[in-house]
Amino acid sequence: MQAVFLDKGTFSEGIDLPAPEGVSNYITYNDTPKDTAVIIKRCRDADIIITNKVQISADVISQLPKLKLIQLTATGMNNVDQDACHEHGVALYNVAGYAVKSVPEHTFMLMLNSMRAGIHYHQKVADGSWLANGNFCLLDIPLIDLEDKTLGIIGIGTIGKRVTEIARAFGMTVLWAEHQGRAPRSDDYTAFDDVLAQADVLSLHCPLTEQTEHLINKDTLAKMTKQPLIVNVARGGIVDSQALTDAINNEQIIGYASDVFEQEPIAADDPLLTMSNHPRVIFSPHNAWGSKSAQETLWVMLSKQVADFIDNHH
């Protein structure tokens, strides 16, 4: 079977990405433009498309009669038209669980940096401000401990659960948010609005769906009475960027630590960029998932899935 990997460049250089077993003809591209004609041309003879973030539309799927499987190198599936896959009998697989160490650790890297103004203080040391100040210590932005703070988590999957464990080690109280507008399913969950009202830090770990798009908006931000820090390692679209920027400017929230943006790479006119020098704002370029070990684990999982698929279709 022929497999085409459309955006191999989303992995780090030096990570070994051999063809999965059973793939007889393996073609890789570092990246693929957002151009339907190019995607169709590259995949015309493919039984299997492997991709991370290339948009695979209904138009593309309908013009690839040989296609049997789209295998994503990620968990989120919102870049593929799932209805069209169903209609044309194309299997769609994702990979989950590969970043259960990487994403939670990154979540705390972002959280601690914001609460302790890490980048701000690094720059003060590096640019001579500390020397000019003359004091043995510089403390112009308050350092905030995680201990005794309340962490609200939206999205309770394997990553949300691991974040819970780490948070408890820091001495935080953890609240799991029930879906918006629903009664808590058990004692483990707290009503959505109550979590917004009680959280000192709010961490987002849910998928992007019609229900979660712009879940963090003007109305939900207004319910956050404790001026929390918001951490987003989920999807950029869960947050209304303009509303969030306004909330930081109005001191409704203390800061924003995000790995994800509505457009990726981030659009030059994204209002969040106006906040990039704020001492409690820290951004990373959608790489929370990508520790070295997570990338290697992902490829092992993906290769097994593809090999099993080929096995079952011979």
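Just after helix α4, Ala117 takes a positive phi of about 50°. Helices (H or I, at least four residues) and strands (E, at least two) are DSSP runs, numbered from the N terminus. The model is predicted: local features need pLDDT of at least 70, side-chain atom pairs count only at pLDDT 80 or more, and totals for chains, interfaces and linings use all residues. Residues are numbered from 1 along each chain as its sequence is written, and side-chain values use heavy atoms, with hydrogens and water left out.

Helix α4 covers residues 102-115. Its 14 residues reach 20 Å from the first C-alpha to the last, close to the 20 Å expected at 1.5 Å a residue. That expected span is 1.5 Å times one less than the number of residues. Ten of the 14 residues are buried, so α4 is largely enclosed by the rest of the structure. Buried means under 20% relative accessible area (1.4 Å probe, protein chains only). Among the buried residues are Val103, Phe108, Leu110 and Met111.

Strands of a sheet pair through backbone hydrogen bonds, either parallel or antiparallel. Here, five strands form an open sheet in the order β2-β1-β3-β4-β5, and the pairing is parallel. Strands β2 (25-28) and β5 (91-93) stand at the edges with a single partner strand each, so one side of each lacks a neighbour in the sheet. Two strands pair if DSSP finds at least two bridges between them. Strand β4 (residues 69-72) pairs with β5 over three bridges. Leu69 has Ala91 of β5 as its bridge partner.

Note on methods. Buried means under 20% relative accessible area, exposed over 50%, partly exposed in between (1.4 Å probe, protein chains only).
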